[in-house]
Amino acid sequence: MRKKGLAKQPFAYHLAELRIRLLFVCVGFITGSIIGYYFAKPLLNWILFPLHQSVYYTSPIGGFNVVLSVSLLIGILFAIPIFLYQSFLFTRPLLPESLIRRTPFVIISSFFLLLLGISFAYFVALPESLHFFSSFSTTNVKSLINANDYLTFVTKYFFGFGLLFQFPLVLYLINARTPLPIKKLFSYQRYVIVIAFVAGAILSPDPFTMCLMALPIIFLYYFSIMLVWTINKNNEYMKARQKKTKAV
């Protein structure tokens, strides 16, 4: 669509290309939504499983809204890798050659980390949070959960943890442009730990659940440091090896 040597094009050219890229994303979103609509019932059963009870709607079109919400959620998840790929194609002339070669790895890793974050939310964080909040029910006070409210609650968890698990990739990309000093990253660890527990407290005031949510953030930070250190050491080794080869 756009060659690297032709980065300086009229604004109308870039605008037209952006529209085409967004059109691909919209097609992916619509396709994913149709698939989500077709499999709405089994998907809804899957989403409701951690709750262990039925949900309700209070309007004549409530059932349709629930199915539509599930369909749109699947459509968004389906469109994310397409959006990442189209974003790469649009910004490719501005990216360094070293980063362009890693693009397939970056896109696949981003989608994998998104699924990993959603899986953690579904199997660990969401059940624990629901268990904590349901503990406030009594014999005379029982929950009558609205379907749309529950889907909104679940969606926030899915995308919150999905974005949170992108952290190693963000540091990887920053380090690809400007190598990050490991000592400096370690100096920020106290702030990361505090932010992790504050985020956990916001999502759930239960101490156990709070720790359960804070630990992945801390783990991801240290994993990111290890990843950056490994990449930088490997780059230093390759540069040293190239210098020796040139010297010979």
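Biologist: Leaving aside neighbours within four places in sequence, with which residues is Gln189 in contact?

Modeller: With those neighbours set aside, Gln189 is in contact with Tyr221 and Tyr222, where contact means heavy atoms within 4.5 Å. The C-alpha atoms of Gln189 and Tyr222 are separated by 8.4 Å, and the two lie 33 residues apart along the chain. This is a predicted model, in which local features need pLDDT of at least 70 and side-chain atom pairs count only at pLDDT 80 or more, while totals for chains, interfaces and linings use all residues. Residues are numbered from 1 along each chain as its sequence is written, and side-chain values use heavy atoms, with hydrogens and water left out.

Biologist: Why does Gln189 count as partly exposed?

Modeller: The relative accessibility of Gln189, which lies in helix H9 (residues 189-203), is 28%. Buried means under 20% relative accessible area and exposed over 50%, with partly exposed in between (1.4 Å probe, protein chains only), so Gln189 counts as partly exposed.

Biologist: What makes His52 exposed?

Modeller: His52 has a relative accessible area of 63%, and is therefore called exposed. The residue sits in the loop between H2 and H3, and it has a positive phi of about 60 degrees although it is not a glycine.

Biologist: Which backbone oxygen does the side chain of Ser187 reach?

Modeller: The side chain of Ser187, a residue of helix H8 (residues 182-187), reaches the backbone oxygen of Lys184 at 2.4 Å. A polar contact is a pair of N or O atoms within 3.5 Å; within protein, one must be able to donate a hydrogen and the other to accept it, and residues adjacent in sequence count only if both atoms are side-chain atoms. Ser187 itself is partly exposed, with a relative accessible area of 34%.

Biologist: How do you know that the span of helix H6 agrees with the number of its residues?

Modeller: Helices (H or I, at least four residues) and strands (E, at least two) are DSSP runs, numbered from the N terminus. The expected span is 1.5 Å times one less than the number of residues, so the 18 residues of H6 (147-164) should span 26 Å, and its end C-alpha atoms are 26 Å apart, which agrees. At the start of H6, a side-chain oxygen of Asn146 comes to within 2.9 Å of the backbone nitrogen of Asn148.

Biologist: Which residues of H6 are buried, and what puts them on the same side?

Modeller: Ala147, Tyr150, Leu151, Val154, Tyr157, Phe158, Phe161 and Gly162 are the buried residues of H6. They cover an arc of only 125 degrees around the axis, which puts them on the same side of the helix; the arc is that of the directions from the helix axis to the C-beta atoms. On the other side of H6, Asp149, Lys156 and Leu163 are exposed.

Biologist: Which residues of H2 are buried?

Modeller: In H2 the buried residues are Ala40, Leu44, Ile47 and Leu48. They fall within an arc of 95 degrees seen down the axis, so they line one face of H2.

Biologist: Which members of the largest nonpolar core touch the most other members?

Modeller: They are Ile47, Tyr150, Tyr157, Phe158 and Phe161, of the 32 residues in this core. H5 gives the most to it, with 10 residues. A nonpolar core is a set of buried Ala, Val, Leu, Ile, Met, Phe, Trp, Tyr and Cys residues joined through side-chain atoms within 4.5 Å.
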